[in-house]
Amino acid sequence: MTPADLIRTDAAHVWHPFTQAMTAPEPVPVVSGKGAVLTTADGREILDLISSWWVNLHGHAHPAIAAAIARQAETLEQVIFAGFTHEPAVTLASRLCGLLPDALTKVFFSDNGSTAVEVSMKMALQYARNRGEHQRTRYLAFDGGYHGDTVGAMSAGVSSRFFEAWKEMLFPVDVLPVAATWIDDEAIGQREAEALSALDAHLAQHGAQTLAAIIEPLVQGACGMRMHRPQFLRGVVERLRAHGILVIFDEVMTGFGRMGDLFACLKAAVTPDFICLSKGLSGGFLPMAATVTTEAVYDAFRDERLDRAFLHGHSFTANPLGCAAALASLDLLLDPACTAARARIEAHHRTHLAARLAGHPLVRRFRVTGTIAAFDVETGDGGYTSSVAPALRESFTRDNLLIRPLGNSVYLLPPYCVSDEQLDRAGDGLERALNSLSPAPQRPAASDMF
């Protein structure tokens, strides 16, 4: 199929995600990938600086992961996971538990981030029911959180404002503020105190009726890579624990080294009751997810009555090919060379990229956590629908950079194989994109930001 035929057939039959077909440019046909580079049908080489929607850890078409999938495909490609088991799944579950805090010992496999979150929310509700805590009916989430596109995940992420079209489907979730921060943020202590005070007031009124709280720890992804400090997260969890509320960490994006540490819960020294994993779990090769919880939660479902079991599952639960990919990806992730690469990327963000961009007249709230760097572009219409986003994307496309702004928030979240030279190329493209925009008004005071 020629590139023209591919585009024509795509237009006739394919419905793309997060895309307004009436106004969007034609999709870019990609024929191959290697490392941090994607090659298009017309021979262009595009530098992937968002890990292809945050899933790719080690680079495209990594031979070790590809070989592991091929070996597994020759032995067992799929088997129902109800009543059966297999070594790749058991080994993966064991290895995941070995990397997470000690209390997290039970792994429930599913298909993607949304379902990992949905599993945690359903488990939390049934846990309360199985224990006779019928007064606990409320969920708690945090402003700007995004947790996926299934009904429970959408309900928890309602404050992200992505889900207006389906608001009639959603159930009520209480939403509390997060104290987002950035480099040289002098007012963060005050905002943290205000957010924790709001949480205290809410829990004083509703703590006994709240069954679970869900948060993206340290970085809220889809709402613009909003970052908060470990000490704030610890303060939130301490308050939830004091009221007997289950804690769910949505580490779909933050897991597997994105925070510098392997997981945000380790970086913050906090153990949740549930951790939701996906995206980087298989190294970006195959759909795969896991919800990991504690023995205490698991034991609440053990009973002679079937209706007290967790009657939830997916056709491809614990798919052997996905497990094989995940095991190979973990081998790469735990190699000292990968640890060094993540530290190198963070150092480059904090030095080279910050020096180039933090003082730009259009840049606000430059921030870094682990391998993620982000900033906001000064504009009169912020948020996901900001008019600045198409202009930025057009500039990045000209420079053959895969950078997908979240409205007026721009971020880099590269695969760990990215080189310093490639990061410098990204910095060049970011500067060009910013310089192509109209000058910004005078920079506001720090207290007016965010």
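This is a predicted model: local features need pLDDT of at least 70, side-chain atom pairs count only at pLDDT 80 or more; totals for chains, interfaces and linings use all residues.
Let us begin with Ser52, which sits in helix 2, covering residues 51-54; helices here are DSSP runs of H or I with at least four residues, strands are DSSP runs of E with at least two, and both are numbered from the N terminus. The phi of Ser52 is near 50°, a positive value in a residue other than glycine. As background, most residues other than glycine have a negative phi, and most peptide bonds are trans. Ser52 counts as partly exposed, at 27% relative accessibility, where buried means under 20% relative accessible area, exposed means over 50%, and partly exposed lies in between, with a 1.4 Å probe and protein chains only.

Residues are numbered from 1 along each chain as its sequence is written, and side-chain values use heavy atoms, with hydrogens and water left out.

Ala269 also has a positive phi, near 55°, in a residue other than glycine. Ala269 lies in the loop between helix 9 (264-268) and strand 11 (274-277), and at 63% relative accessibility Ala269 counts as exposed.

Four strands form an open sheet in the order 1-2-3-15, with mixed pairing, and two strands are said to pair if DSSP finds at least two bridges between them. Strand 1 and strand 15 (401-402) are the edge strands, since each pairs on one side only. Strand 1 and strand 2 pair in the antiparallel sense over four bridges, and Val30 stands opposite Thr40 in strand 2. These two strands form a hairpin with two residues between them, and Gly35 in the turn has a positive phi of about 60°.

Which way do strand 2 and strand 3 run relative to each other? Strand 2 (residues 37-40) and strand 3 (residues 45-48) run antiparallel, joined by three bridges. Within this pair, Thr39 has Glu45 as its bridge partner in strand 3, while Leu38 stands opposite Ile46. Here too there is a hairpin, with four residues between the strands, and Gly43 in the turn has a positive phi of about 90°.

Let me turn to the cysteines. A search of the whole structure finds zero disulfides, a disulfide being a pair of cysteine sulfur atoms within 2.5 Å. Cys265 is in no disulfide, and the nearest cysteine sulfur, that of Cys276, is 11 Å away; Cys265 counts as buried, at 1% relative accessibility.

In the model, Lys279 lies in the loop between strand 11 and strand 12 (289-294), and Lys279 is partly exposed, with a relative accessible area of 24%.
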